[in-house]
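Open the model in your viewer and keep the selection tool at hand.

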Amino acid sequence: MASSNPYKTYLNIWLLLMFLTFITVYVAQFDFGTLNVPIALLVASIKAGVVALYFMHLKYEDSMTWIFATYPLFLLFLLIAFSATDIFTRVAN
Amino acid sequence: MSHSHSFDKHYLEDGKGFKSWFFTHDHKRLGVMYLWAIGIFFVLAAIASFLIRFEHLSPGQTIVSAQTYNVLFTLHGAVMVFLFIVPGVAASFGNFLIPLMIGARDVIFPKLNLYSFWIYCAGSLILLLSLAAPVDTGWTFYTPYSIDTGTNVILVTFGVFVLGFSSILTGINFIVSMHKLRAPGLTWDRLPLFCWAAYATSLLQVLATPVVGITLLLLIGERYFGLGFFDPAKGGDPVLFQHFFWFYSHPAVYIMILPAMGIISEVIPVFSRKPIFGYKAIAYSSLAIALISFLVWGHHMFTSGQSKLINIIFSVITFAVAVPTAIKVFNWLWTMYKGSVELSTAMLYSLAFIFLFTIGGLTGLFLGALAADIHLHDTYFVVAHMHYVMIGGTVFGLFSAIHFWYPKMWGKMFDEFKAKIAFTLIFIGFNVVFFPQFILGTQGMPRRYFNYAPEFESLHQLSTYGTWILGVGFILMLYTLFKPVGVADSNPYRSVSLEWSMPSPPPTLNFEEIPTVTTSTYDYGTKVEQEA
């Protein structure tokens, strides 16, 4: 592992996660209209990314592991993109 | 386990009794147990299909009520798909063969492998428990009916959810094994094509299965808690279920067929005594299929009311997925060209695979064409197409494997003559069952209907008679396999693949010394083979 003191890194990451959780809870009292869901998803994605990078050690892995870890994100994009294309281009009878 | 013990005894002898099997870490024993399990479920689901066909001997009620009929086709579909054909070849022969073919003593995570099998058993049990109030939705669980029906949808879908974990864990095990455990010298371009196919299959299992798991959880959530994912009255979208369901279930078609294609790539060179033609093309086409298969799911939904634009996009990509499939077929044919072809039972099943799978594949293109699909959607044409691919393809591939690796698996030989008679009956019976269904479909006979118009009677009867021929063929095949006629030597078919380099059946830990690979897996008719 690259870091000389992994426990310190883990602690910092944990603090970051707690801070992001606080943000999620804090912003929940404001109404941003259509941005409500994107904001919640953005914060959640940052948290998931940090967990994958540090707690799941992705940051220290080789390119093959990166391909396996990120390809499903591409598939998720396809699932959403194709389904959304259907839903937004449908013509009601 | 002492060192010498694991090499003196073969894997079938090494430990007796239920516990030695149910707690084994040995990939070969797990492969054999999967083979037994899928065999039992195949018989169960086949019995349901015989009853379905019997019901269609005449219009109206023949032997079962309309509700029982709905239950029978759901049971047939759900058991065949989730308990038999998805684990199917990959879990049984994948487990048995991959470590042998890559020169390893086991898969990389043997305990995880056993755990996958237990999960498979648990999922199967949960699914079968639903028979207390059997489901009548069809194996696709389409909303809104699956939300409204009073039958046991939650139990079945939860069973499928659990089975998914078995599939994912097996996939991970195979992928990592092939990355980490290949013998020295066994480079990716020397890897047997069955392994390439199993690798592509594993990718699909790992990447696609979570989506169906989540989809079925959403369905359970909607059914149990009244959440509104798919109900338009609550802001949901019923077509969304179909999107999510087929996002898994179309790649799943390739989970079912790819390992069988791998088998054909192994059997044909051995019985043609020629190196496989277009090794790289076959290997990479497996990966191409795995990648493109994620982009075609909407062709199941052309008449669902999805948008015209997305219909066109899915239709075009569907035609693209036919290309890597056709590449394989042409390469198999070219492998046989000017070869010294021996029509053994395994080879006959492989040849039948090419013939029947080509019919199944080409009729798939009819269904992928938008205008034709409007006419053919949800008719018997689809039923026939799908069975030509799944039986004509996967099941014939599985039968080819069962006969080809029979000497390796059991250390015995079967009666080739009887096996060939069984093959002939199965081949004829299969075509008599399903070819008339193409015609029925083009004439407008809808699938899953209990009743039918009188003008369809003769073709329905012909199709039902075919199941009787097919049934006799299956029984004769089983009789042949359960009545071995002699002891097999280590390599009766003179294969040059690694799994034949050890005694039959293999010792528990496979290789006393991990081999070093210096040549291709398909060196037939070359200097290397003649010197061997």
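What follows is a short tour of a predicted model.

Start with chain A and colour it by domain: domain 1 takes residues 1-60 and domain 2 takes 61-93. The C-alpha centres of these two domains of chain A are 22 Å apart.

Next, select residues 36-55 of chain A, which form helix H2. H2(A) has 20 residues, and from its first C-alpha to its last it reaches 28 Å, close to the 28 Å expected at 1.5 Å a residue. Step just past the end of H2(A) to A:His57, where phi is positive, at about 65°.

Now show both chains and pick out the contact between them: 13 residues of chain B meet 12 residues of chain A. On the chain B side, helices H9 (193-225), H10 (238-272) and H12 (308-336) each supply at least two residues. H10(B) gives the most, with 3 residues. By class, this side of chain B has 8 nonpolar, 4 polar and 1 charged residues.

Stay on chain B and select H9(B) together with helix H11, residues 279-292. Their axes come within 9 Å and cross at roughly 10°, so H9(B) is roughly parallel to H11(B).

To see where the two helices meet, show side chains. From H9(B), select B:Leu193, B:Trp196, B:Ala197, B:Ala200, B:Leu203 and B:Leu204. Facing them from H11(B) are B:Ile282, B:Ala283, B:Ser286, B:Leu287, B:Ile289 and B:Ala290. The residues of this contact divide into 11 nonpolar and 1 polar, with no charged residue.

Methods. Residues numbered from 1 in each chain as written. Chains lettered and ligands numbered in written order. Predicted model: local features only at pLDDT ≥ 70, side-chain atom pairs only at ≥ 80, totals over all residues. Helix = DSSP H or I, 4+ residues; strand = E, 2+ residues; numbered from the N terminus. Expected span 1.5 Å × (residues − 1). Contact = placed C-beta atoms within 7 Å. Nonpolar A, V, L, I, M, F, W, Y, C, P; charged D, E, K, R; others polar. Domains from an automatic or database assignment. Axes fitted to C-alpha atoms, helices over the stretch in contact; angles between N-to-C directions. Parallel < 35°, antiparallel > 145°, perpendicular 65-115°, else oblique.
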